[in-house]
Amino acid sequence: MGEAADPAPAPAAVTGRVRVAPPMPWRTRLAVLAAGYLTDATRRADGTVNRRLLGVLDKGVAASAAPRNGVASRDVVIDAAAPLRARLFYPAPAAAAGGGGGSRGEQDGRRPLPVIVFFHGGGFAYLSAASPAYDAACRRIARHARAAVLSVDYRRAPEHRCPAAYDDGLAALRFLDDTAAAGADPPLDPSRCFLAGDSAGGNIAHHVARRYALDPSRFAAVRLAGLVAIQPFFGGEERTPAELRLDGAPIVSVARTDWMWRAFLPPGADRAHEACSPDAAVAGIESAPAFPLATVVVGGYDPLQDWQRRYCDALRAKGKEVRVLEYPGAIHAFYVFPEFADAKDLMLRIKDIVAGSGSGSE
């Protein structure tokens with residue numbers, strides 16, 4: 001559990017087959033089965049998603065101006081024309097107060113909060129900022145990190161294919177730029193901006209960081225301080241050893257990921273496309289000093305782990321610094337289940353990253 005200077009292989013990485021149903025509470029096992037059912041039951045044979053049924057199975061929760069566990073939230077409009085919305089989570093004033101010596105927010109006794117722009121998982125096609133699991137996860141991140149979390153409700157595939165989600169992520173950064181100029185409640189500090197996401201959201205976070213880094217002059221106030229890619233979703237045409245060894249693991253399956261790439265990639269594109277291939281995804285960043293320090297989270301029971309390690313290697317090949325957090329016993333999306341000890345550990349790691357006290361980067 002935790003950081004690794006050199007990623008250790010997952011259990012039985014070379015030969016044999018690991019048990020693909022790691023021990024977990026029965027309630028968690030039911031939740032994992034429900035997550036798989038959510039995706040499988042709403043896929044139509046023609047490649048579309050039954051959004052009406054999905055709305056019943058994934059009933060969103062409302063934002064709450066009254067703090068829940070010390071964190072309040074509200075929905076904001078990023079681009080009415082798109083339309084594009086996000087949910088902003090922020091610690092209640094008593095939790096975030098720190099005095100203010102001359103900074104924005106001095107009038108209400110609060111220092112401006114660092115901002116984590118967050119992208120939820122769901123294979124580019126499922127879930128939302130209002131999904132119960134992600135509302136709760138973002139609330140925990142905001143509480144532990146003492147930061148604002150802007151969870152972007154990006155447009156989903158297959159109705160909106162690549163690069164729509166990446167465009168929406170960049171629009172969220174522009175929103176922060178504009179909000180900083182106009183003033184915000186609570187006060188935000190976009191010069192301490194982090195991009196984060198899990199699975200497909202980790203992929204989106206990377207591509208938004210890349211776009212930002214290739215032309216940071218477009219932003220007056222936003223400065224990227226870090227990228228947290230939690231089990232990011234990358235892939236390719238071949239099957240990796242982890243995909244073969246962990247066939248039948250919770251949440252992720254080859255059949256599901258195959259469908260998700262078909263739904264997301266532009267028509268006619270294969271998995272050499274920059275949205276999918278780790279090597280293609282890093283094109284150009286060797287000359288982009290604004291690309292932030294990346295923290296990549298890898299789980300030992302995640303079939304996508306080989307692609308995540310290839311992503312780390314691709315970043316290093318471009319001269320970028322990478323911190324790897326290894327959780328050998330973790331399934332895909334483990335951190336949305338707070339009953340896992342690793343989920344709490346990751347929250348504390350994110351807290352350290354935002355506070356600037358993370359150590360051991362490679």
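User: What makes the charged end of arginine 310 count as sitting over the ring of tryptophan 307?

Analyst: In this predicted model, the charged end of arginine 310 is 4.3 Å from the centre of the tryptophan 307 ring. The distance cut-off is 6 Å, and the charge must also lie within 35 degrees of the ring normal.

User: Which residues of helix α10 are buried, and what do they pack against?

Analyst: Helix α10 covers residues 305-317. Its buried residues are Gln305, Asp306, Trp307, Gln308, Arg309, Tyr311, Cys312, Ala314 and Leu315. They pack against helices α6 (200-214), α7 (241-245) and α9 (278-281) and against strands β7 (224-230), β8 (294-299) and β9 (322-327).

User: How do you know that the span of α10 is close to the expected one?

Analyst: The helix has 13 residues and reaches 18 Å from its first C-alpha to its last. The expected value at 1.5 Å a residue is also given as 18 Å. Glycine 319, with a positive phi near 85°, follows the helix.

User: Why is the pair of tyrosine 327 and phenylalanine 334 called tilted?

Analyst: The structure holds twelve aromatic pairs. In the pair of tyrosine 327 and phenylalanine 334, the ring centres are 5.2 Å apart and the planes stand at 45°. Planes under 30 degrees apart would count as stacked and those over 60 as edge-to-face, so the rest are tilted. The angle of 45° belongs to that remaining group, and therefore the pair is tilted. Tyrosine 327 and phenylalanine 334 are buried.

User: What makes the pair of phenylalanine 337 and phenylalanine 340 edge-to-face?

Analyst: Their planes are at 80°, and the edge-to-face class begins over 60 degrees. The centres are 6.0 Å apart, which meets the pairing limit of 6.5 Å. Both phenylalanine 337 and phenylalanine 340 are buried.

User: Which residues form one aromatic cluster?

Analyst: The cluster is formed by Phe124, Tyr166, Phe233, Trp261 and Phe264.

User: Why are the buried residues of α1 said to line one face of the helix?

Analyst: Helix α1 (residues 26-42) has Thr28, Val32, Gly36, Leu38, Thr39 and Thr42 buried. Seen down the helix axis, the buried residues fall within an arc of 165°, so they line one face. An α-helix has 3.6 residues a turn, so residues three or four places apart point the same way. On the other side of α1, Trp26, Arg27, Leu33 and Tyr37 are exposed. The cover over the buried residues includes α2 (51-57) and α8 (254-264).

User: How many residues does the largest nonpolar core have, and which have the most contacts inside it?

Analyst: The core has 114 residues, and those with the most contacts inside it are Ile116, Val117, Leu173, Leu195 and Tyr335. Helix α5 (residues 164-182) contributes the largest share, eight residues. Beyond four places in sequence, tyrosine 335 touches Phe118, Tyr134, Ala137, Arg140, Asp198, Ile230, Ala343, Leu346 and Met347.

User: Why is leucine 265 called buried?

Analyst: Its relative accessible area is 3%, and the cut-off for buried is under 20%. Leucine 265 therefore counts as buried. This residue lies in the loop between α8 and α9. Its C-alpha is separated by 6.1 Å from that of arginine 161, although the two residues are 104 residues apart along the chain. Apart from neighbours within four places in sequence, leucine 265 contacts Arg161, Asp270, Arg271, His273, Ala275 and Cys276.

User: Why is asparagine 69 called exposed, and why is arginine 146 called partly exposed?

Analyst: Asparagine 69 has 62% relative accessibility, and exposed means over 50%. Arginine 146 has a relative accessible area of 39%, which falls between the limits of 20% and 50% and so is partly exposed. Asparagine 69 is in the loop between α2 and β2, and arginine 146 is in the loop between α4 (132-145) and β5. Phi is positive in both: about 55° for asparagine 69 and near 50° for arginine 146. Most residues other than glycine have a negative phi.

User: Where are the prolines that follow cis peptide bonds?

Analyst: The bond from alanine 82 to proline 83 is cis, with omega near -15°, and proline 83 lies in the loop between β2 (71-79) and β3 (84-91). A cis bond also joins alanine 157 and proline 158, with omega about 0°. Proline 158 lies in the loop between β5 (148-153) and α5.

Note on methods: Residues numbered from 1 in each chain as written. Predicted model: local features only at pLDDT ≥ 70, side-chain atom pairs only at ≥ 80, totals over all residues. Heavy atoms only, no water. Helix = DSSP H or I, 4+ residues; strand = E, 2+ residues; numbered from the N terminus. Expected span 1.5 Å × (residues − 1). Buried < 20%, exposed > 50% of the residue type's maximum accessible area, 1.4 Å probe, protein only. Contact = heavy atoms within 4.5 Å. Core = buried A, V, L, I, M, F, W, Y, C linked by side-chain atoms within 4.5 Å. Arc of directions from axis to C-beta.
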